[in-house]
Structure formats: structure tokens, C-alpha cells
Amino acid sequence: RSGGAAYSFVPKVDVVENAKAFEIHVAVPGMNKEDFQIDLKDNVLSISGERKFTKEQKDQNYHSMETQYGSFRRTFSLPENIDTANINAQYVNGILELTLPKDEKKTLKTTIKVN
């Protein structure tokens, strides 16, 4: 198998919410922080990247390969109350961690009074 653009995979993702922010954790071990592209447009967050397969060495015989290689793309529709100017991303121990702080001035709940 010679991974690359011809192959793709879907990394596992955890989405967590607390009182101040949402967190997105993407499991993508074996990559460098420069391998990721993170875009935000019209409240849609896109995370993409590529994990390249290093060529098999002739003196090694692979009996099993379960590690995922190739390109990936995950997209998330964000709620209106995200402070998009302060989104933070870091890559730690194979997990891409994005913190999406909530904007306390924007509210998603409205109470409508009946006249």
C-alpha cells in the first residue's frame, strides 16, 4: 500500500461542552502540527490534513497494518454563540485539541412574551 491522496480516513472526534466553551478533540496520532488546516467560514469549522505513509522498507515484512493513512476532512456547524476570534488549537500527544469559547453576550435562548 502506498498511502497518499488516493486514501482517506475519518479520525475519531470527541466534542465536549462546559459552561465557558466547546472543545473538539480529534484523534490523529503520528502527525505534525503543520499537517493540519483549520478553516472557519459562515459558522462552519473545517479541519483537514494528511497523514503520509512512509514507504515500506525491503527488510521489513508488514503482517498487519491498522494505522490509518491518507487525507481527512471533518466539518462542524457551530452555534451562533461562539467567540470565533478566540478559537484556539493545539496538538498534544496525538490529539488535535480545539477550544471554542462561548461569547457570553450572544444568547441562544430567547423568551417570548405572549400578548
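Reader: What should I know before I start?

Author: Welcome! This is a predicted model, so local features need pLDDT of at least 70 and side-chain atom pairs count only at pLDDT 80 or more, while totals for chains, interfaces and linings use all residues. Residues are numbered from 1 along each chain as its sequence is written, and side-chain values use heavy atoms, with hydrogens and water left out.

Reader: How do strands make a sheet, and in which order do the four strands stand here?

Author: Strands of a sheet pair through backbone hydrogen bonds, either parallel or antiparallel. Strands (E, at least two residues) are DSSP runs, numbered from the N terminus, and two of them pair if DSSP finds at least two bridges between them. Here four strands form an open sheet in the order E1-E2-E7-E6, with antiparallel pairing. E1 and E6 (88-92) are the edge strands, each pairing on one side only.

Reader: How many bridges join E2 to E7?

Author: Seven bridges join E2 to E7 (residues 95-101), and Ala21 stands opposite Pro101 in E7. On the other pairings, E1 (residues 13-17) and E2 (residues 21-27) share five bridges, with Val13 opposite Val26, and a hairpin of three residues joins E1 to E2. Five bridges also join E6 to E7, where Gln90 has Glu97 as its bridge partner.

Reader: Is Phe72 buried or exposed?

Author: Buried means under 20% relative accessible area, exposed over 50%, and partly exposed in between (1.4 Å probe, protein chains only). Phe72, in strand E5 (residues 70-77), has a relative accessible area of 4%, so Phe72 is buried. Beyond its neighbours within four places in sequence, Phe72 is in contact (heavy atoms within 4.5 Å) with residues including Phe9, Phe36 and Ile47.

Reader: How do I read an aromatic pair?

Author: Rings of Phe, Tyr and Trp (its six-membered ring) pair if their centres lie within 6.5 Å; planes under 30 degrees apart count as stacked, over 60 as edge-to-face and the rest as tilted. By this rule there are three aromatic pairs. The rings of Phe9 and Phe72 have centres 5.5 Å apart and planes at 50 degrees, so this pair is tilted. Phe9 lies in the segment before E1, 63 residues from Phe72.

Reader: Which kind of pair do Phe36 and Phe72 form?

Author: Phe36 and Phe72 form an edge-to-face pair, 6.4 Å centre to centre with 65 degrees between the planes. Phe36 lies in strand E3 (residues 36-41) and Phe72 in E5, so the pair ties together parts that are 36 residues apart in sequence. Finally, Phe9, Phe36, Phe72 and Tyr91 form one aromatic cluster.
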